[in-house]
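Visitor: I'm new to reading protein structures. Could you walk me through a few features?

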Amino acid sequence: MSAAPQEDALSLAETQPVGNVGRMKILIIEDDLEAAVYLTKAFREAGIVADHASDGEAGLFMGSENTYDVIVIDRMLPRRDGLSVISELRRKAIHTPVLILSALGQVDDRVTGLRAGGDDYLPKPYAFSELLARVEVLGRRKGTPDQDVVYRVADLELDRLSHEVRRGGKEIPLQPREFRLLEYLMKNAGQVVTRTMLLENVWDYHFDPQTNVIDVHVSRLRSKIEKDYSQPLLKTIRGAGYMIKDEG
């Protein structure tokens, strides 16, 4: 829930793209429709692509399934509160910078928001010029795993935008679920990925269906990315899970 930003702080006509922000894509999670329309229009006039989600569950889904440079989120949301959304994104190893907007502006409130995984905290009411500047700063952050467009492990490459996988320059066709599985493994390259992590992040299950669905898909994926190649990459860690790693 929020009030629109201070209108007299920066008129939309005066809002101009700053630096490289025109290339940015952000997600606004805001249940106040009037404020959301204002922000979406203002950011777009500043040259920033802005998507909108009207509640916490929708925001979590969009933030998990799409790639954004920055997420701007209201703290008080229906269906799932803003801090819960941020915590779940971080649990899923999604490192998109998050700016929290909130009428709760005391020091303890800001500390709680930042400790939940937020990167910046802007109390209401605020000037849009300040919000734009803060989003610009967050958008400059590079190098976190989820911001990478192409994942690489040895000579294996996965392009998240084109949905192409290649090894040694040769394209490897994958089914959609196989692609998501490989994407999650490569995002966590060098780390053990448990069955629970795969069920929640690749299959969107929050329970164990007591089937061998993971084993079957891992076996198929392994045969596709390792067939005709001497160096194995996808390993089964007995009793723990799976790991993709360059041993070379």
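**A helix and a ring cluster**

Guide: Happy to! Keep in mind that this is a predicted model. Let's start with Leu-185, which sits in helix H6.

Visitor: Is Leu-185 buried or exposed?

Guide: Its relative accessibility is 1%, so Leu-185 counts as buried, the cut-off being under 20%. Leaving out residues up to four places away in sequence, Leu-185 touches Val-193, Leu-221, Leu-234, Tyr-242 and Ile-244.

Visitor: How many residues of H6 are buried?

Guide: Nine of the twelve, so H6 is mostly covered. Among them are Phe-179, Leu-182 and Tyr-184.

Visitor: What span should H6 have?

Guide: Count 1.5 Å a residue, and the twelve residues (176-187) should span 16 Å; the end C-alpha atoms are 16 Å apart, which agrees.

Visitor: And how do I read aromatic rings?

Guide: A pair of aromatic rings is described by the distance of the centres and the angle of the planes. Here the count comes to two aromatic pairs. Tyr-38 and Phe-128 make an edge-to-face pair, 6.4 Å centre to centre with 90° between the planes.

Visitor: Which parts does the pair of Tyr-38 and Phe-128 tie together?

Guide: Tyr-38 lies in helix H1 and Phe-128 in helix H5, so the pair ties together parts that are 90 residues apart in sequence. Phe-43 and Phe-128 form an edge-to-face pair too, at 5.0 Å centre to centre and 65° between the planes. Phe-43 is in helix H1, 85 residues from Phe-128.

Visitor: Which residues do the ring pairs link into a cluster?

Guide: Tyr-38, Phe-43 and Phe-128. Phe-43 and Phe-128 are both buried, and Tyr-38 counts as buried at 9% relative accessibility.

Definitions and conventions. Residues numbered from 1 in each chain as written. Predicted model: local features only at pLDDT ≥ 70, side-chain atom pairs only at ≥ 80, totals over all residues. Heavy atoms only, no water. Helix = DSSP H or I, 4+ residues; strand = E, 2+ residues; numbered from the N terminus. Expected span 1.5 Å × (residues − 1). Buried < 20%, exposed > 50% of the residue type's maximum accessible area, 1.4 Å probe, protein only. Contact = heavy atoms within 4.5 Å. Phe/Tyr/Trp six-rings, centres within 6.5 Å; stacked < 30°, edge-to-face > 60°.
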